[in-house]
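This report covers selected features of one protein chain. The sequence and the structure come first, and the notes follow.

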Amino acid sequence: GLVLGIYSSEKDEGAAQFTSAGDAFDRLVSGKLRELLSVCGPPLKKGKTRIFHGLHQDFPSVVVVGLGKKNAGVNDQENWNEGKENIRAAVADVSVFIFSINPINGRGKTAGRSFLSFSSLDETNPVLLASPHIPAESEAWQKGVLYAEGQNLARYLMEAPANYITPTKFAEHIEQKLRSFSNVKVHIRPESWIVTQQMGAFLSVAKGSAEPPIFLEIHYLGGANTNDSPLVFVGKGVTFDSGGISLKPSSGMDAMRADMGGAATVCSAIVTAAALNLPLNIIGLAPLCENMPGGKANKPGDVVRAKNGKTIQVDNTDAEGRLLLADALCYAHNFNARAIVNAATLTGKQSPFPAHFASQFFVSLTGLW
């Protein structure tokens, strides 16, 4: 199938405008696409679609989707381009739609599915493959693919079961992703190192779980001068948050596997920076542990000592994120940073933000360069 976008007019009475790929395809079919759109209803609004069959032998289905205003511009509060986000969301949704209406191997299986990487069903589900309609746009397309792979890495880490993404396995997964880059160093700091750093706040959270904590430290040296001050990204990495002694309600607690969303987005951003060979120096810091109600867990009223010597009284063990970040942010000041950015799922209620935050925040992080 083929997905084509069309922008709505800046004025209500103006004519809609195809993307360059839409214009190219319309010329290929001698203007039939534009003609069909003009007679089959009102102009397409953002997110609305029309599907056509039989326009071209190479494409059984052609879907035209509304992209909203072409000059939507940058949302200063969210720090992202609204027009590009409209395109991303529209193409993703419509690609899955096209795949779902075309039977695969006679079984009608589709790629429009939820997270199935750990399901036996995954073996029978085909993979959706996409490519640009205009070959000249392949360079921009490949850049977009790298951004998407970074977003999907963060989503994978957040959605994967907590017994698959433990602190150790999280660190190993990121190390594997960065292994091929000569200008990246990955340090998987064990519990013994955390002790020597006197990160008592971080350790107080980790001690309630049988899973050992990890302090993941990533150095990406992409700048022309590797001694230039780096950006430092710090991400909360609680790979499962039961709440500790201040136990969360059981309903929906499985979503607490995503309480390492800050670490997931920070590490994925650095993986993507390396893939894009960005001319920057970046350091990523991710304190990784579980927050569990084991026999050594923090108790309400306990007093713990952070890396900088400050004492902290723990009133609620489900407020563990700030304990991890306190020590990690203190450590971040060792690097003469240009700026320090921290990301975390610090929530007052049951659930952290859903996995789509991974893509939203990822765009904000990458926007820094």
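## The four-stranded sheet

In what order do the 4 strands of the open sheet lie? The order is E2-E1-E4-E3, and the pairing is mixed. The edges are formed by strand E2 (17-18) and strand E3 (49-56), each of which pairs on one side only. The model described here is predicted.

Strands of a sheet pair through backbone hydrogen bonds, in either the parallel or the antiparallel sense. Both senses occur around E4. E1 and E4 pair in the parallel sense over 6 bridges, and Val 3 stands opposite Val 63 in E4. E3 pairs with strand E4 (residues 59-69) in the antiparallel sense, also over 6 bridges. E3 and E4 form a hairpin, with 2 residues between them.

Is E4 largely enclosed or largely open? Of its 11 residues, 9 are buried, so E4 is largely enclosed by the rest of the structure.

Helix H2 (residues 32-39) lies across strand E1 (2-8), E2, E3 and E4, and runs at about 140° to E3. Helix H3 (residues 82-101) lies across E1, E3 and E4, and runs at about 155° to E4.

## The aromatic cluster

The structure holds 6 aromatic pairs. One of them joins Trp 193 and Phe 215: the ring centres are 5.3 Å apart and the planes are at 35°, so this pair is tilted, falling between the limits of 30 and 60 degrees. Trp 193 belongs to helix H6 (residues 191-196) and Phe 215 to strand E8 (residues 214-221), so the contact ties together parts that are 22 residues apart in sequence. Both Trp 193 and Phe 215 are buried.

Phe 215 also pairs with Tyr 331. Here the ring centres are again 5.3 Å apart, but the planes are at 85°, so the arrangement is edge-to-face. This pair links distant parts of the chain, with Phe 215 in strand E8 and Tyr 331 in helix H9 (residues 321-332), 116 residues apart. Why does Phe 215 count as buried? Its relative accessibility is 0%, and the cut-off for a buried residue is under 20%. Tyr 331 is buried as well, with a relative accessible area of 7%. Trp 193, Phe 202, Phe 215, Tyr 331 and Phe 335 form one aromatic cluster.

## Helix H9 and the annotated segment

An α-helix has 3.6 residues a turn, so residues three or four places apart point the same way.

An unreviewed UniProt entry lists residues 316-323 under "domain: Cytosol aminopeptidase". Over residues 316-323 the chain is 38% helix and 0% strand. The end C-alpha atoms of this segment are 11 Å apart.

Conventions. Residues numbered from 1 in each chain as written. Predicted model: local features only at pLDDT ≥ 70, side-chain atom pairs only at ≥ 80, totals over all residues. Heavy atoms only, no water. Pairing = 2+ DSSP bridges. Contact = heavy atoms within 4.5 Å. Axes fitted to C-alpha atoms, helices over the stretch in contact; angles between N-to-C directions. UniProt positions renumbered as here; feature names shortened; annotations may be inferred. Phe/Tyr/Trp six-rings, centres within 6.5 Å; stacked < 30°, edge-to-face > 60°. Buried < 20%, exposed > 50% of the residue type's maximum accessible area, 1.4 Å probe, protein only.
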